[in-house]
Amino acid sequence: AAVGLGILSADDMPDLDAPITRALMARLAAGAAELPAYSGAAPFADTADASVGALWTAGLVQGETGAGGAAIFRPDDTLTRGELCAVVWRLENYAA
């Protein structure tokens with residue numbers, strides 16, 4: 001469905017049985033919510049991904065504090081069930 005809606009390309013998910021990364025979740029969530037493109041300064045030290053920035057601007061992700069006090073998102077980490085539930089709940093309650 002995400003490919004058909006233009007949110008992802010078929011190349012983004014070559015293995016549907018593989019765990020999903022936090023970055024891919026961000027692309028799915030930002031696309032599904034039709035958030036406006038983000039072009040500001042990167043809110044996280046470890047990624048400049050526009051989908052992550054859009055979710056952050058909308059208050060749908062918060063990240064965490066990394067070494068040295070920098071805000072980080074951990075885009076390449078596997079998404080946990082709890083993190084997925086938090087994003088789905090926030091999306092459900094999101095009012096643009």
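Helices (H or I, at least four residues) and strands (E, at least two) are DSSP runs, numbered from the N terminus. By this definition, the chain contains three helices and two strands, arranged along the sequence in the pattern α-α-β-β-α. Its radius of gyration is 13 Å, close to the 12 Å that the globule rule gives for 96 residues, so the chain is as compact as a globular protein of that length. The radius is taken over C-alpha atoms, and the rule is 2.2 Å times the number of residues to the power 0.38.

The model is predicted: local features need pLDDT of at least 70, side-chain atom pairs count only at pLDDT 80 or more, and totals for chains, interfaces and linings use all residues. Residues are numbered from 1 along each chain as its sequence is written, and side-chain values use heavy atoms, with hydrogens and water left out.

**The chain as a whole**

- The C-alpha trace spans about 40 × 30 × 25 Å along its principal axes.
- Of the 96 residues, 28% are buried, where buried means under 20% relative accessible area (1.4 Å probe, protein chains only).
- Carbon and sulfur atoms account for 55% of an accessible surface of about 6000 Å², computed by the Shrake-Rupley method with a 1.4 Å probe.
- Contact means heavy atoms within 4.5 Å; among contacts between residues at least 6 apart in sequence, 58% join residues at least 24 apart.

**Helix H1**

- Helix H1 covers residues 22-32, and its buried residues are Arg22, Ala23, Leu24, Met25, Ala26, Ala29 and Ala30.
- These buried residues pack against H2 and helix H3 (81-92).
- Glu34 follows H1 and has a positive phi, near 50°.

**Thr47, in a loop**

- Thr47 lies in the loop between helix H1 and helix H2 (50-57).
- With a relative accessible area of 14%, Thr47 is buried.
- The side chain of Thr47 reaches the backbone nitrogen of Asp49 at 3.1 Å, a polar contact being a pair of N or O atoms within 3.5 Å; within protein, one must be able to donate a hydrogen and the other to accept it, and residues adjacent in sequence count only if both atoms are side-chain atoms.
- Apart from neighbours within four places in sequence, Thr47 is in contact with Ala42, Val52, Phe73 and Pro75.

**Ile72, in a strand**

- Ile72 belongs to strand E2 (residues 71-72).
- Although Ile72 and Phe44 are 28 residues apart along the chain, their C-alpha atoms are separated by 4.7 Å.

Technical notes: Buried means under 20% relative accessible area, exposed over 50%, partly exposed in between (1.4 Å probe, protein chains only).
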